[in-house]
Amino acid sequence: MISGKGMRPGDIVTASNGKTIEIVDLATLTGVCVVALGPSIAGVFTPNDDLAKELFQASEASGEKFWRMPLEESYWESMKSGVADMVNTGGRQGGAINAALFLKQFVDEKVKVDAR
């Protein structure tokens, strides 16, 4: 550790919404999507079918390639912590889904998104 403020595996941080996270590993959603879909297709995670439809219409108009990814709630089990609300990474398999489920913890369910 460079200083006493550095974080170590096993540390617990509190997010701005009050949820606690056991720090185990850091990874990007983008990186695991590239592993899953390759460099030319973007992964789309949303439980909102209307938003997904709008995003795919924009995808077709722009020539960008999107693929809708599942938000498999059963994967959340691998992200539970015995000392915090969650860990910030699940198992190696399904990494993009685990990352999306983690991010979902910080989005208010009442938020409505308009892709236009």
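Predicted model: local features only at pLDDT ≥ 70, side-chain atom pairs only at ≥ 80, totals over all residues.
Residues are numbered from 1 along each chain as its sequence is written.

The protein holds three helices and five strands. Helices (H or I, at least four residues) and strands (E, at least two) are DSSP runs, numbered from the N terminus. From the N terminus on, the order is β-β-α-β-α-β-β-α. Of the 116 residues, 25% count as buried. Buried here means under 20% relative accessible area, exposed means over 50%, and partly exposed lies in between (1.4 Å probe, protein chains only). Contacts require heavy atoms within 4.5 Å. Among contacts with a separation of 6 or more, 55% join residues 24 or more positions apart.

Helix α2 spans residues 49-62 and has 14 residues. From first C-alpha to last, α2 reaches 20 Å, close to the 20 Å expected at 1.5 Å a residue. The expected span is 1.5 Å times one less than the number of residues. At the start of α2, a side-chain oxygen of asparagine 48 comes to within 2.9 Å of the backbone nitrogen of aspartate 50. Such a polar contact is a pair of N or O atoms within 3.5 Å; within protein, one must be able to donate a hydrogen and the other to accept it, and residues adjacent in sequence count only if both atoms are side-chain atoms. Glycine 63 follows α2 and has a positive phi, near 85°.

Leu51, Ala52 and Ser59 are the buried residues of α2. Seen down the axis of α2, these buried residues fall within an arc of 100°, so they line one face of the helix. The arc is taken from the directions from the helix axis to the C-beta atoms. The buried residues of α2 pack against β4 (65-68). On the other side of α2, Asp49, Asp50, Lys53, Glu60 and Ala61 are exposed.

A pair of aromatic rings is described by the distance of the centres and the angle of the planes. Rings of Phe, Tyr and Trp (its six-membered ring) pair if their centres lie within 6.5 Å; planes under 30 degrees apart count as stacked, over 60 as edge-to-face and the rest as tilted. By this rule there are two aromatic pairs. In one of them, the rings of phenylalanine 56 and phenylalanine 66 have their centres 6.1 Å apart and their planes at 80°, so the pair is edge-to-face. Phenylalanine 56 is partly exposed, with a relative accessible area of 24%. Phenylalanine 66 is also partly exposed, at 24%.

In soluble globular proteins, nonpolar side chains tend to be buried together. A nonpolar core is a set of buried Ala, Val, Leu, Ile, Met, Phe, Trp, Tyr and Cys residues joined through side-chain atoms within 4.5 Å. The largest such core has nine residues: Ala15, Ile21, Trp76, Met79, Met86, Val87, Ile97, Leu101 and Phe102. Strand β5 (86-87) and helix α3 (95-104) each supply at least two residues of this core. The largest share, three residues, comes from α3. Valine 87 lies in β5 and is buried, with a relative accessible area of 8%. Valine 87 and tryptophan 76 are 11 residues apart in sequence and 10.0 Å apart in space, C-alpha to C-alpha. Residues up to four places away in sequence aside, tryptophan 76 touches Met86, Leu101, Phe102 and Gln105.

Seven of the 10 residues of α3 are buried, so this helix is largely enclosed by the rest of the structure. The buried residues are Ala96, Ile97, Asn98, Ala99, Ala100, Leu101 and Phe102. Asparagine 98 has a relative accessible area of 3%. Leaving aside neighbours within four places in sequence, asparagine 98 contacts Tyr75, Ser78, Met79, Gly90, Gly91 and Gln93. Tyrosine 75 lies in the loop between β4 and β5. Tyrosine 75 is partly exposed, with a relative accessible area of 34%. Tyrosine 75 and asparagine 98 are 23 residues apart in sequence and 6.6 Å apart in space, C-alpha to C-alpha. Not counting residues up to four places away in sequence, tyrosine 75 touches Gly94, Ile97, Asn98 and Leu101.

Terms used:
Heavy atoms only, no water.
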